[in-house]
Protein chains: 2
Amino acid sequence: MEFSVRVDVTHRPGILDPQGAQIERSLPALGYRNVGQVSVGKTIRLVIEAESETAARAELDEMCRRLLANPVIEAYAIELEEHVSA
Amino acid sequence: MEFSVRVDVTHRPGILDPQGAQIERSLPALGYRNVGQVSVGKTIRLVIEAESETAARAELDEMCRRLLANPVIEAYAIELEEHVSA
């Protein structure tokens, strides 16, 4: 089975988010005074081949810890759906 | 009204994605040979105060073009939902 995957990597609470802070400081200068709580994360999209959704999730979780995220400072969320080839 | 917003910024088709390419090259070396089509984008989360969803969307669209994304090489998608304060 093939799955389309989206991994959302965000900063853990309390970890500095310099990109988000910079955007939050820049917006008022551009005239947007109605925006707050800005944070910036990354999103990794990929396609994985696995025997089942459970197997895919287990492997993705390992991949996140080993390569895609830094578990010390980042949190990640995995969303996947079965990929239907056209 | 207050809205929780998520802006997904991705590379336009045909634009180089060096982070995605690097992950795609690294995964087989770590033993993952069942993964492909890797791409990396960024996600900006924020809270915006606006009179209506339409007004919020219009302002977010402008913000994306002016600051959050580079429309020449990046595409963006805006998702928002009304923010219920606790």
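How many salt bridges does the rule find across the interface of chain B and chain A? The count is 2, where a salt bridge is a side-chain nitrogen of Lys or Arg within 4 Å of a carboxyl oxygen of Asp or Glu. A:R6 pairs up with B:D8 in a salt bridge, with 3.2 Å between the closest N and O atoms.

A few ground rules come before the rest. The model is predicted, so local features need pLDDT of at least 70 and side-chain atom pairs count only at pLDDT 80 or more, while totals for chains, interfaces and linings use all residues. Residues are numbered from 1 along each chain as its sequence is written, chains are lettered from A in the order in which they are written, and side-chain values use heavy atoms, with hydrogens and water left out.

Now for the way the two chains sit together.

The contact (heavy atoms within 4.5 Å) draws 31 residues from chain B and 31 residues from chain A. Because 100% of the interface residues of chain B are also interface residues in chain A, the copies meet through the same surface. Between them the chains bury about 2900 Å², 53% of it on carbon and sulfur atoms; buried area here is the accessible area (1.4 Å probe) that two parts lose on being put together, summed over both. B:Y32, B:N34 and B:R45 supply 21% of what chain B buries against chain A, more than any other three residues.

B:V47 belongs to strand β2 (residues 35–49) of chain B, strands being DSSP runs of E with at least two residues. Its relative accessible area is 10%, so B:V47 is buried (under 20%; exposed is over 50%, partly exposed in between, with a 1.4 Å probe and protein chains only). Leaving aside residues up to four places away in sequence, B:V47 touches A:N34, A:V35, A:G36 and A:Q37 in chain A, plus B:E2 and B:F3 in chain B. B:V47 and B:T10 lie 37 residues apart in sequence and 21 Å apart in space, C-alpha to C-alpha.

How values were computed: Helix = DSSP H or I, 4+ residues; strand = E, 2+ residues; numbered from the N terminus.
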